[in-house]
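Dear colleague,

I am passing on the structure we spoke about, together with a summary of what was found in it. Please read the notes below alongside the coordinates.

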Amino acid sequence: MTEATAPSDGPLTGVRVVELAGIGPGPFAAMLLADLGADVVRVDRPGGPGLGIDPARDITNRNKRSVVVDLKTADGVKHVLDLAERADILIEGYRPGVAERLGVGPEDCRARNPRLVYGRMTGWGQEGPLADRAGHDIGYIAVTGALGMTGEPGRPPVAPANLLGDYAGGSLYLVVGVLAALHHARATGAGQVVDAAIVDGTAHLTSMIHGMLAAGAWQDRRGANLLDGGCPYYGTYETADGGHMAVGALEPRFYAEFLRLLDLTELAGAHADVTRWPELRAKAAERFASRTRDDWTAVFEGTDACVAPVLSLREAPHHPHLAARSTFTDHAGITQPAPAPRFSATPATVRTGPARPGADTEDVARDWGVPGLVSPPSNPQRKASS
């Protein structure tokens with residue numbers, strides 16, 4: 001048995017997943033399932049997904065296997081249906097209706113496998129006025145109110161990369177959904193369709209804020225609240241060398257420690273007096289600007305002031321705590337986040353590097369019992385384009 005097919009100790013060992021290749025939240029969701037031990041077969045399209053990144057460095061395809069299938073041919077559709085028949089979960093990220101037109105929609109797949117969990121990953125969802133519209137993370141989080149909470153008052157909102165929409169509101173909700181549906185399928189024998197929309201997941205992430213808004217504890221404007229940078233003891237400050245320190249001294253005892261280490265104990269009463277927040281912010285900014293980021297890191301090291309240095313992506317793996325926990329790992333020459341979360345009995349690992357398109361066709365054909373994957377095409381007639 002090859003390295004790619006060797007059993008893992010992850011908690012999803014034995015679960016089979018078909019991923020119809022796309023970009024963004026779908027591949028990340030499939031990577032998470034693969035990290036946890038699932039046998040994920042990525043169905044790549046001829047020519048690739050067009051992401052513009054070397055497949056050997058696309059970490060979101062680690063722990064997977066890849067076959068190349070042309071879904072615009074009758075043979076390609078047959079191969080995907082053959083895989084779906086043997087799978088527990090299928091993930092696709094097409095616009096609504098595209099999978100159906102290709103012949104691999106939920107009804108097509110579940111006719112072959114009634115237990116199949118069919119996961120659909122989109123920005124707008126399978127229905128609604130915008131369902132057929134193109135979009136990206138920033139637009140999805142914009143309409144949910146989440147983007148409007150980021151940044152300083154009087155300035156444009158700040159885009160949080162594509163972490164909030166694509167991955168938090170999208171991928172993670174898709175994974176929760178398909179695993180919950182898998183639990184149901186194994187209990188009842190009936191699969192179902194999971195409609196994971198980034199707008200739904202991102203809106204769900206704002207639940208606590210909506211509760212605070214309803215209670216009068218949150219102002220519906222940017223930079224005016226406890227957790228959005230409006231509070232001077234929950235935010236970031238620039239240091240003498242152009243670095244930054246992050247402050248989260250919310251509780252009174254943490255705030256007191258924060259002031260003690262900044263030598264600003266005369267501002268103890270400013271914690272609960274919003275009229276003094278500008279004074280506190282100005283004096284804290286002056287203090288932080290007087291020394292380097294490393295200096296302040298040393299000052300706050302080992303304290304409960306809840307202050308940390310703001311690190312870059314390349315710096316983060318070297319942080320002492322993250323290094324001690326092996327939060328990042330090196331595999332095939334690429335430093336990358338290790339699988340998360342952690343399991344005491346069935347640890348997840350990075351077993352293989354990014355799957356190269358089509359590199360695992362023979363292994364998948366053998367292991368999944370789909371010999372046609374490596375057979376010459378019998379019907380080259382192309383289906384209608386999606």
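Of the 386 residues in the protein, 43% are buried, where buried stands for under 20% relative accessible area, exposed for over 50% and partly exposed for what lies in between, with a 1.4 Å probe and protein chains only. Please keep in mind that this is a predicted model, in which local features need pLDDT of at least 70 and side-chain atom pairs count only at pLDDT 80 or more, while totals for chains, interfaces and linings use all residues. Residues are numbered from 1 along each chain as its sequence is written, and side-chain values use heavy atoms, with hydrogens and water left out.

Taken along the principal axes, the C-alpha atoms fill a box of roughly 80 × 45 × 40 Å. The secondary structure comprises 13 helices and 11 strands; these are DSSP runs numbered from the N terminus, helices being H or I with at least four residues and strands E with at least two.

**The sheet**

An open sheet is formed by 6 strands in the order S3-S2-S1-S4-S5-S6, with parallel pairing; two strands pair if DSSP finds at least two bridges between them. Its edge strands are S3 (64–68) and S6 (193–197), each of which pairs on one side only. From one strand to the next the twist averages 20°, with axes taken as lines fitted to C-alpha atoms (for helices over the stretch in contact) and angles running from 0 to 180 degrees between N-to-C directions.

S2 and S3 run parallel and are joined by 5 bridges, and Asp 44 stands opposite Val 68 in S3. S4 pairs in the parallel sense with S1 over 3 bridges, Val 17 having Ile 89 of S4 as its bridge partner. S4 also pairs in the parallel sense with S5, over 4 bridges, and there Ile 91 stands opposite Gly 119.

**A buried arginine**

Arg 42 belongs to strand S2 (residues 39–44) and counts as buried because its relative accessibility is 2%. Its side chain makes a polar contact with the side chain of Glu 19 at 2.6 Å, a polar contact being a pair of N or O atoms within 3.5 Å; within protein, one must be able to donate a hydrogen and the other to accept it, and residues adjacent in sequence count only if both atoms are side-chain atoms.

The largest pocket has a volume of about 1200 Å³. Of the 37 residues that line this pocket, Phe 28, Ile 59, Phe 328, Gln 336 and Pro 337 are the closest to its centre. A pocket here is an open set of points on a 1 Å grid over the protein atoms alone, where a 1.4 Å probe fits, with protein on both sides within 12 Å along at least five of seven lines, and lining residues have an atom within 4 Å of a point. H1 gives the most to the lining of the largest pocket, with 5 residues.

The second largest pocket holds about 970 Å³, a volume being the space filled by probe spheres set on the points, which are joined across faces, edges and corners. It is lined by 41 residues, with Gly 22, Arg 45, Gly 93, Tyr 94 and Arg 95 nearest its centre.

Best regards
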